[in-house]
Amino acid sequence: MAGTAVRGRLSTWQTATVAAVSSETARTRTLRLEVAERAGPGAFQHRAGQHVDVRLTADDGYQAERAYSIASAPGEPLAITVERVDDGEVSSWLTQEARPGDLMEVRGPIGGYFVWESAFGGPLLLAAGGSGIVPLRAMLRERARAGSDVPVRLLYSSRSWADVIYASELDFPAEGVRVIHTLTRSQPPAWTGYARRVDQPMLAEVAWPAASASAGGGGGPLAYVCGPTSFVETVAAGLVALGYPPGRVRTERFGGTG
Amino acid sequence: MPPVSRGFHRKRAAAPADRIPPGQYLTRDFPVLSAGPTPRTALSRWTFSIEGGHEPKSWTWEEFRALPSEQLTTDIHCVTRWSKLDTTWEGVSLDVLLEGMEHDAPYALAFSDGGYTTNVPVADLLGGQAWVVFGYGGGPLGAEHGGPARLLVPHLYFWKSAKWVRGIRLLDRDQPGFWENYGYNMYGDPWREQRYAGD
């Protein structure tokens, strides 16, 4: 469980202005945020895979805080992608109410383990369940931004095609990136891809062979897995069963964030 | 004054302020957060060790389970902002595990299968404040929640309650563990909202 340790005081809450909103799916929206202090010293410089704390304040002073994965690559305008949770007060505001000019607060970036930068190499195996795609999308954008040619396979599990986040972006992956969808509940007519929850045979077909670990000399395939707990448990345990060293499988799980 | 987010209103019932620390919300789920795959260690190979004292101690699973255990009900608070009330556990108090150990170490580093570590002052492990738990909700502790056994230090943020714990190293100097090395707080008191370094 080695990584680049980053310690030191974390900056406090900063005011962020909603600069743009765009719908990804019926339940999911990307918000581009402008953070006042982003340009100065101690500015908001994140790494691909990190998250940000968001705080909303009501006019009666009531506050609520949640954490959201950053959807943008380092150096791009800060963006988060948020999925609406049915009784979620913060996610409801972010996905249904917020519009350009609205204010909130952000704190971060947070987390230093579930990150990827081009120096880490690969090949990369990215596995996403639902909105677990968000930090992995930041890694794909970082790969492009950094001009990395590390080979990537993305296994992305969604309920249906309408639930696929970043669908248009993933339709045209960069050279060296292969996107493999599985649609677990319903599939479009003539769908030829996977149509079930991720299981061991699917992982064995999609994942880079663990054997390339020793052959490559660079530590071998590196896996990032993000999604609901059951998805992450299945994929992470499955990769270990395929021979991935546990230290090469980094996970992030979405809990009951609302 | 923090800026008002236009149109944002409370949707949830007010949380009991004496039970829910600042910045937390109540959940009925039991979310799982781990940095890597869930380790699986056979109970035949499992031990719990206390290192760094004058006389290190170690228990096999059978020896550990033969120690006096207790049932407890407590609230837990995760740094990712969920709090869960009245969780029920069964385990061995650190008072029992550290009893009779000669040491003057003020700090401890818990270590786990999978390489996870986290630091806790020894004073926070004693006095009925910490347990190595093997039961949750009336059954065995599931592997995804840290089974066969995890540390439980409920008065600190839940990342201090190391899953898959295998022992404690007594230290003269405080030493950051896994998440503390990535910018999380060295102590982690939820009532003082000590989430990150410097809070």
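## A loop residue in chain A

A190(A) sits in the loop that runs between strand 9 (177–183) and helix 4 (200–206) of chain A. Its phi is near 65°, a positive value in a residue other than glycine. Like everything described here, this comes from a predicted model.

## Confidence in the model

For the complex, the predictor reports an ipTM of 0.89 and a pTM of 0.92. Chain B has a mean pLDDT of 94, and 99% of its residues reach 70 or more. Where pLDDT is low, predicted coordinates should not be read in detail.

## Two domains in chain A

Chain A is assigned two domains: domain 1 covers 14–110 and domain 2 covers 118–254. Taken over C-alpha atoms, the centres of domain 1 and domain 2 of chain A are 25 Å apart.

Contact between these domains of chain A involves 16 residues of domain 1 and 14 residues of domain 2. On the domain 1 side, the elements giving two or more residues are strand 1 (14–25) and strand 5 (79–83) of chain A. The residues on that side of domain 1 of chain A comprise six nonpolar, seven polar and three charged.

## The six-stranded sheet of chain A

Six strands of chain A make an open sheet in the order 4-3-6-1-2-5, and their pairing is antiparallel. Strand 4 (63–69) and strand 5 of chain A are at the edges with a single partner strand each, so one side of each has no neighbour in the sheet. On average, neighbouring strands of this sheet are turned by 40° against each other, direction ignored.

Within the sheet, strand 3 (residues 51–57) and strand 6 (residues 103–110) of chain A are joined by four bridges in the antiparallel sense. One bridge pairs H51(A) with I110(A) of strand 6 of chain A. Strand 6 of chain A also holds P109(A). The peptide bond leading from G108(A) to P109(A) is cis, with omega near 0°.

## The make-up of chain B

Chain B contains three helices and 11 strands. Read from the N terminus, the order of its elements is β-β-β-α-β-β-α-β-β-β-β-β-β-α. Chain B has a radius of gyration of 17 Å, close to the 16 Å that the globule rule gives for 199 residues, so chain B is as compact as a globular protein of that length. Along the principal axes, the C-alpha atoms of chain B fill a box of roughly 60 × 35 × 30 Å.

A cis peptide bond is also found in chain B, between G147(B) and P148(B), with omega about 15°. P148(B) belongs to the loop between strand 9 (139–140) and strand 10 (150–152) of chain B.

## The five-stranded sheet of chain B

In chain B, five strands form an open sheet with mixed pairing, in the order 3-2-11-6-7. Strand 3 (57–60) and strand 7 (117–121) of chain B are the edge strands, and each pairs on one side only. From one strand to the next, the twist averages 15°.

Strand 2 (residues 47–51) and strand 11 (residues 165–171) of chain B run parallel and are joined by three bridges. Here I50(B) is opposite I168(B) of strand 11 of chain B.

## Where the chains meet

The contact between the chains involves 38 residues of chain B and 40 residues of chain A. On the chain B side, these residues divide by class into 17 nonpolar, 14 polar and seven charged.

Definitions and conventions
Residues numbered from 1 in each chain as written. Chains lettered and ligands numbered in written order. Predicted model: local features only at pLDDT ≥ 70, side-chain atom pairs only at ≥ 80, totals over all residues. Domains from an automatic or database assignment. Contact = placed C-beta atoms within 7 Å. Nonpolar A, V, L, I, M, F, W, Y, C, P; charged D, E, K, R; others polar. Pairing = 2+ DSSP bridges. Axes fitted to C-alpha atoms, helices over the stretch in contact; angles between N-to-C directions. pLDDT = per-residue confidence, 0-100. Rg over C-alpha atoms; globule rule 2.2 N^0.38 Å.
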